[in-house]
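Here's a quick briefing to read with the model open. Take a look at the structure first, then dig into the contacts below.

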Amino acid sequence: MNREIEHIDRFLSTRVQTDHPVIEAASKQLLDAGGKRIRPAFVLLSAGFGKSKDIRLTKVAASLELIHMASLVHDDVIDDATLRRGKPTVMERYDEQVAMYTGNTLFGEAIRLVSEIDSPDIMQIMADTMELICVGEINQIQDQYDWAQSPKRYLDRIARKTALLIETSCAAGAVVSGASPDVVKQLRLFGYDIGMAFQMTDDLLDFTAKSFQLGKPVGEDLKHGHKTLPLFYSAENPDFFDRLQQVSHSSDYALTHTLVREVQRNGTLERSQRTIDHYVSRAIRRLDELPDVADKRSLIEIAEYIGKRKW
């Protein structure tokens, strides 16, 4: 899909142009940092189950990527992050205020793009998505350093924070292309499962990948008080849980480093991978009853990639 993704990147570059040089430079910095463009890919592939493809697909795909980019900027402010994809964050290069307004500008441009599509269904889908993403972000802030939170709370949080945008990408691509309601429903369920697997894989990589692969230091989730899947499994051990509760904003590096090393050795990473595999397998089964179009195989290949990716 390189040609299609490159087309969306070129389109995005025209939509982040503003009259303010700092906001435009910050937006272009985000765009130039790259990324997997998973969400636009899901929009385009899901459209393969419909009847038509036109410029509206590009606009839907671009609006979803803009929402994703905006949420990353806000995430970096919340976490006081200095690196994103191996490069300085917008906040690090400028300051917190510029970062927040850059994110808001990207949200605004995403709304503008959606309005140009002239589809009440898409407007409703995108409005619901943006609202629930904000709920997920607030929940993440409230959950920081709450090491006693329930697994349900974690699943609800990542469903809103990450899975929802991938779910919406699949649904929106199918809706715009004129796919049937049953197809839209199955693609939405596929997107949810893959979105959950995507975030859980991120959780896993925070303990297994190298810093140069992540583009940020290893163990950042633990350091910033985010209880992720490997930590839930590790915390079933009372001794680990007692030490985990000692991690706070002011914790020293030695404590978090020790806990990261323990997670890497206690078998919970393998258990986490099995949970990811479950979501990926269920996602692929969601496609069984869908028409056997060319893009179906690509969706399956992306699903398998997401479950095994190393960065």
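Are Arg 15 and Glu 109 buried or exposed? Both Arg 15 and Glu 109 are buried, where buried means under 20% relative accessible area, exposed means over 50%, and partly exposed is in between (1.4 Å probe, protein chains only). Bear in mind that this is a predicted model, so local features need pLDDT of at least 70 and side-chain atom pairs count only at pLDDT 80 or more, while totals for chains, interfaces and linings use all residues. Residues are numbered from 1 along each chain as its sequence is written, and side-chain values use heavy atoms, with hydrogens and water left out.

**Salt bridges**

- The structure holds 22 salt bridges, each being a side-chain nitrogen of Lys or Arg within 4 Å of a carboxyl oxygen of Asp or Glu.
- Arg 15 and Glu 109 make one of them, with their closest N and O atoms 2.7 Å apart.
- That pair links distant parts of the chain, with Arg 15 in helix H1 (residues 2-15) and Glu 109 in helix H6, 94 residues apart; helices here are DSSP runs (H or I, at least four residues), numbered from the N terminus.
- Arg 15 and Glu 109 also belong to a salt-bridge network that takes in Lys 59, Arg 112 and Glu 116.
- Asp 143 meets Arg 153 in another salt bridge, at 2.9 Å from N to O.
- Here helix H7 (residues 120-143) supplies Asp 143 and helix H8 supplies Arg 153, ten residues apart.
- Asp 143 counts as buried because its relative accessibility is 5%, whereas Arg 153 is partly exposed at 29%.
- Glu 236 bridges to Arg 271, the closest N and O atoms being 2.8 Å apart.
- Glu 236 sits in the loop between H12 and helix H13 (238-244) and Arg 271 in helix H15, so this pair ties together parts 35 residues apart in sequence.

**Aromatic pairs**

- You'll find three aromatic pairs, meaning rings of Phe, Tyr and Trp (its six-membered ring) with centres within 6.5 Å; planes under 30 degrees apart are stacked, over 60 edge-to-face, and the rest tilted.
- Tyr 145 and Trp 147 pair edge-to-face, 6.1 Å centre to centre with 85 degrees between the planes, and both are buried.
- Tyr 154 and Phe 232 make a tilted pair, 5.3 Å centre to centre with 45 degrees between the planes.
- Tyr 154 is in helix H8 (residues 151-176) and Phe 232 in helix H12 (residues 229-234), so the pair ties together parts 78 residues apart in sequence.
- Tyr 154 and Phe 232 are both buried.

**A loop residue**

- Leu 290 lies in the loop between helix H15 (268-286) and helix H16 (294-308), and counts as buried at 7% relative accessibility.

Conventions: Helices (H or I, at least four residues) and strands (E, at least two) are DSSP runs, numbered from the N terminus.
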